[in-house]
Amino acid sequence: MNNTAERWGWLSKSFHWIIALMIAVIVPVGFVMSATYQFKVTNEQMETVHVWLSRIHQSAGLIVLMLVIARLGWRLSNPGPNVPASLAAYQRLLAKINHAVLYALLFALPLSGWAAMSAFGEAPTYFLWLDGLPNLVPKVPLNDAFGYGFYARIHHYGIYTGGVLLSLHIVAALWHQFVVKDSVLRRMWPLAS
Ligand code: HEM
Ligand code: HEM
């Protein structure tokens, strides 16, 4: 279960890959959910679709928030494997910064989504079968400086920042595997020992 100097333990690997799979569902669902919003008012069937997509998007996003709290707690109490000695100091620094910002986004995205729904206040924040989590921020008029649009913009910019950083992250993992040919991807790979 524990991480060692050479590899990630199964708990760290599970956190990494379960969260990655959930993001792979949450992001496309988020885009389709946003697209269905404009039809919602006039079309009853589209409203049902929108509510279901919102329920899936928000519930999964809030589960990611819980998982990342547990993941970070585990990570801070259980150091990861050593960085390969072949990496230059600037590469270690870039990897560290990228990982830190990815962690920050795993908090910022669900929190800004929840805050947007709370500030809007006209529709429930869904969590699984619960229709209406407590508000994270007070309900305010739409045109307030800290209204729906403020948090939705944070959500929006977070998604695009995340897209760029995740692409770099994946390119770096593939570069380790196929160019440098070290153990970085293998030691995070789900079924590798
Ligand atoms: C890791 C978690 C999450 C990710 C990766 C994510 C991603 C996305 C994406 C890709 C979109 C569509 C693009 C856009 O309209 O900006 C979106 C929209 C949205 N998400 Fe999330 N989301 C997450 C969590 C949440 C949570 C927990 C909530 C609410 C409880 C939420 C509420 C919303 C709302 C209200 C929108 C529409 C924003 C708008 O008006 O454009 N999201 N999200
Ligand atoms: C939404 C998707 C993903 C997120 C949010 C994410 C995030 C992270 C974070 C924050 C770390 C640092 C772990 C720590 O130090 O505690 C990490 C490590 C890692 N990730 Fe990802 N990742 C994602 C997808 C991927 C994918 C698709 C790959 C492979 C192609 C990958 C390969 C790796 C590897 C190899 C490591 C270990 C790096 C090392 O040993 O220093 N990740 N990931």
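**A helix contact and its surroundings**

Modeller: Confidence in the chain is lowest in E2, with a mean of 86, and highest in H4, at 97. These values are pLDDT, the predictor's confidence in each residue, on a scale from 0 to 100. The labels H and E stand for helices (DSSP runs of H or I, at least four residues) and strands (DSSP runs of E, at least two residues), numbered from the N terminus. This is a predicted model, in which local features need pLDDT of at least 70 and side-chain atom pairs count only at pLDDT 80 or more, while totals for chains, interfaces and linings use all residues. Residues are numbered from 1 along each chain as its sequence is written, and chains are lettered from A and ligands numbered from 1 in the order in which they are written.

The setting comes before the close look. The chain averages a pLDDT of 93, and 98% of its residues score at least 70. It has four helices and two strands, which follow the pattern α-α-α-β-β-α along the sequence. Its C-alpha atoms fill a box of roughly 60 × 30 × 30 Å along the principal axes. Of the 193 residues, 17% are buried. Here a residue is buried if 20 or more other C-beta atoms lie within 10 Å of its own, exposed if 12 or fewer do, and partly exposed in between, with C-beta atoms placed from the backbone.

The axes of helix H2 (residues 44–77) and H3 come within 9 Å and cross at roughly 145°. An axis is a line fitted to C-alpha atoms, for helices over the stretch in contact, and the angle runs from 0 to 180 degrees between N-to-C directions. The crossing of H2 and H3 is left-handed, the term for a near helix turned anticlockwise from the far one by less than a right angle; clockwise would be right-handed.

Which residues of H2 and H3 meet? On the H2 side they are Gln58, Gly61, Leu62, Val64, Leu65, Val68 and Leu72, and on the H3 side Tyr103, Leu106, Phe107, Leu109, Pro110 and Gly113. By class, this contact has ten nonpolar, three polar and no charged residues. Ala, Val, Leu, Ile, Met, Phe, Trp, Tyr, Cys and Pro count as nonpolar, Asp, Glu, Lys and Arg as charged, and the others, Gly among them, as polar. Two residues are in contact if their C-beta atoms, placed from the backbone, lie within 7 Å.

Isoleucine 69 is also in helix H2. Isoleucine 69 counts as exposed because it has 12 C-beta neighbours inside 10 Å. From isoleucine 69 to tyrosine 103 there are 34 residues in sequence and 9.7 Å in space, C-alpha to C-alpha.

Ligand 2 has 18 residues around it, the closest being Ala20, Ile23, His99, Ala173 and Met188. At least two residues of its shell come from each of helix H1 (10–40), helix H3 (89–120) and helix H4 (148–180). This shell has 13 nonpolar, four polar and one charged residues.

Tyrosine 151 is found in helix H4. Why is tyrosine 151 buried? It is buried because 22 other C-beta atoms lie within 10 Å. Leaving out residues up to four places away in sequence, tyrosine 151 touches Ser112, Ala115, Ala116 and Ala119. Tyrosine 151 and valine 179 are 28 residues apart in sequence, and their C-alpha atoms are 41 Å apart.

Terms used
A residue is near a molecule or strand if its C-beta atom, placed from the backbone, lies within 6 Å of it.
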